[in-house]
Amino acid sequence: MSVLYPRLLGDAARGLHQKYLQLSVAELSGRHELRHPSAVFAATGGRRVTLDELDRLRGDVLEVAMRAGFPGEGRRQERVTFDLEIAQLLHERCGLVAGEAAVRPIWAFLALVLLPDVSYWRYPRPPGDRVLGTDITRHVWGRLWWRAHLLAVPQQYRRYRLLDTFGEAAFDQIFARRKSIGGSRTLVRMLAEVWPSIDRGGVAERDVLIDVLKRLSRLGAVIDFESLDFDQLQRQVQDVAAESAALLSARALGAGPRHAEA
Amino acid sequence: MTRVYPYLRPPADVVTTGPWSRLTPDGSELLPDTLLDWDYSTTLSLHRPVTVDGLRLRQLSGLAEDAEVDLSVQWYSTSSLLRGQAWRLTLPVDDAFEAPVDFRLPGDDLGGTLELVTNVVLRAPGSGRSQAAARRAGSVLWSDRQRVLLEGDNTLFPIATADFHDLPYPTGAGWYLHIDEDLEGAALGSILLLVNERHEVVMRAVEAAASPTEADRRVLSTLRADVLRSLVERALTDEDLTEETDHPVGSLGALLTTVVRNAFPAFSMEALRRERQTAPALFSSRLQETAQLLVGP
């Protein structure tokens, strides 16, 4: 049964964000709560999360954060590891189904009520969309749950082994195309499976990925990727990626002398 | 918008489909446009009769007889934006081949509007095909789409009760309809009807909605009319919202456009905007009429 989380609606969320932008991480630690008078549960299917569960979730997130240097600045790599561990933790532990995880105000509750200190530590002085319920693809917690949901493999053994395939910026490219290819977990997982073996010919990962995603989006208009067997899908994604890398690589080589002349 | 396919496709009549049905504890029933009793824990048992002319299909697609072709069903959810395969069957080289579609679809990844896409797809092109024939595995040769709104009004109007003393709304109000700003966002999660726990009359009516008294009925009618008014006003005060704008299925923008169209089928949005500005009292009466305020049972 899905677990329902409190929803912190726009006005209340914006008010907290404006206040919290002025506070230090230490001050924010004293502001965390397990409930908020303005947060409401919607009457959809599922049971309400208990205060004990919220308390445990906060404890577990804090433990991961401390390993990554919280409340200090920490190193960049530690934050990358933090994101990966949190993605798995949220996906395994929250008991959310995708329909409920698409409801943005639940993520505002986590960011601004349950975990304000960790949220503003992960993104110091964040723009609103990192903590408000405005854009899941940018949200400090929501984007991590979705990253895990799109990349988790169906079997239980090493279920989250694909999580670290793409860096944050690269995965954002996939997530931003959620309505086209990003909604197909089969395709996203396959892309993650084959990505490490693609010879990018010296072209930046992000450039190749953007081009591959464009090509897959175009193909998706006439190809039913979901209907393909593992081997067929693997071959098609590999072919598209190889074609894209070769083209961009050749273009980069061709552009070299012209740049030199200029 | 018509999609242009870079390969030969057969005429639509190579596949004959019957209606989608769902299995319920009481037997089988035609799949309605809206499933009022659906929630995330529901597993849908869906089926539909399909007959395919497997030989004619291959011939008219420019494919060889040894081409491998599948019939498959894909699902897509407008709230989660996820998609996946629900069912698949290999089609033999026989005309009038009966391929009864039959599968179970768990509710975990669904919500909003569910799209069921029945596809005939190429699995392997075989030998001796026409130059114009599809060659890439997965090429869609034939397609059919059906939409069903899950959860009905519950999706569009999740209701929550709260003490307005704790919320930034007038403490003595009966309700507040929260509507998000992002027109592209999923309607689910963008709208929430908050009922004030302090308002005894409204709370009593909402709690008794399944078997209301005459007094409750009047309260609920007023509430429904006000919800409609709030949605229509939201639509008309947003200049970005027009009949021509193509908002994604299941989005707030699509919902608001539909609400205005259904409420005022004879008026354009522009005409409604004009009337609301120049003759607000008349516009208000028109809203009362379309909402059937205090009319009937």
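A salt bridge is taken here as a side-chain nitrogen of Lys or Arg within 4 Å of a carboxyl oxygen of Asp or Glu. The model is predicted, so that local features need pLDDT of at least 70 and side-chain atom pairs count only at pLDDT 80 or more, while totals for chains, interfaces and linings use all residues. Residues are numbered from 1 along each chain as its sequence is written, chains are lettered from A and ligands numbered from 1 in the order in which they are written, and side-chain values use heavy atoms, with hydrogens and water left out.

By the salt-bridge criterion, Asp109(B) pairs with Arg185(A), the closest N and O atoms being 2.3 Å apart. Asp109(B) lies in the loop between strand E10 (101-105) and E11 of chain B, and Arg185(A) in helix H10 (residues 185-194) of chain A, so the pair joins two chains. Helices (H or I, at least four residues) and strands (E, at least two) are DSSP runs, numbered from the N terminus. Asp109(B) is buried, with a relative accessible area of 11%, and Arg185(A) is likewise buried, at 17%; buried means under 20% relative accessible area, exposed over 50%, and partly exposed in between (1.4 Å probe, protein chains only).

Four salt bridges are counted between chain A and chain B. The interface brings 43 residues of chain A into contact with 51 residues of chain B, contact meaning heavy atoms within 4.5 Å. The area buried between the two chains is about 3,700 Å², of which carbon and sulfur atoms give 54%; this is the accessible area (1.4 Å probe) that two parts lose on being put together, summed over both.

Arg123(B), in strand E11 (residues 113-124) of chain B, is buried, with a relative accessible area of 8%. Its side chain is joined to that of Asp229(A) by a polar contact of 3.0 Å. A polar contact is a pair of N or O atoms within 3.5 Å; within protein, one must be able to donate a hydrogen and the other to accept it, and residues adjacent in sequence count only if both atoms are side-chain atoms. Residues up to four places away in sequence aside, Arg123(B) touches residues of chain A including Ser227(A), Leu228(A) and Gln232(A), and residues of chain B including Glu68(B) and Arg88(B).

Over all chains, the whole structure holds 33 salt bridges. Within chain A, Arg143(A) pairs with Asp83(A), the closest N and O atoms being 3.3 Å apart. Arg143(A) lies in helix H8 and Asp83(A) in helix H4 of chain A, so the pair ties together parts that are 60 residues apart in sequence. Both residues, Arg143(A) and Asp83(A), are buried. Together with Arg122(A) and Glu168(A), they are linked in a network of salt bridges.

A nonpolar core is a set of buried Ala, Val, Leu, Ile, Met, Phe, Trp, Tyr and Cys residues joined through side-chain atoms within 4.5 Å. The largest such core has 136 residues, and those touching the most other members are Leu8(A), Trp107(A), Leu112(A), Val118(A), Trp141(A) and Leu191(A). Helix H6 (residues 104-114) of chain A gives the largest share of this core, nine residues. A second, separate core of 34 residues includes Ala205(B), Leu228(B), Leu231(B) and Leu256(B).
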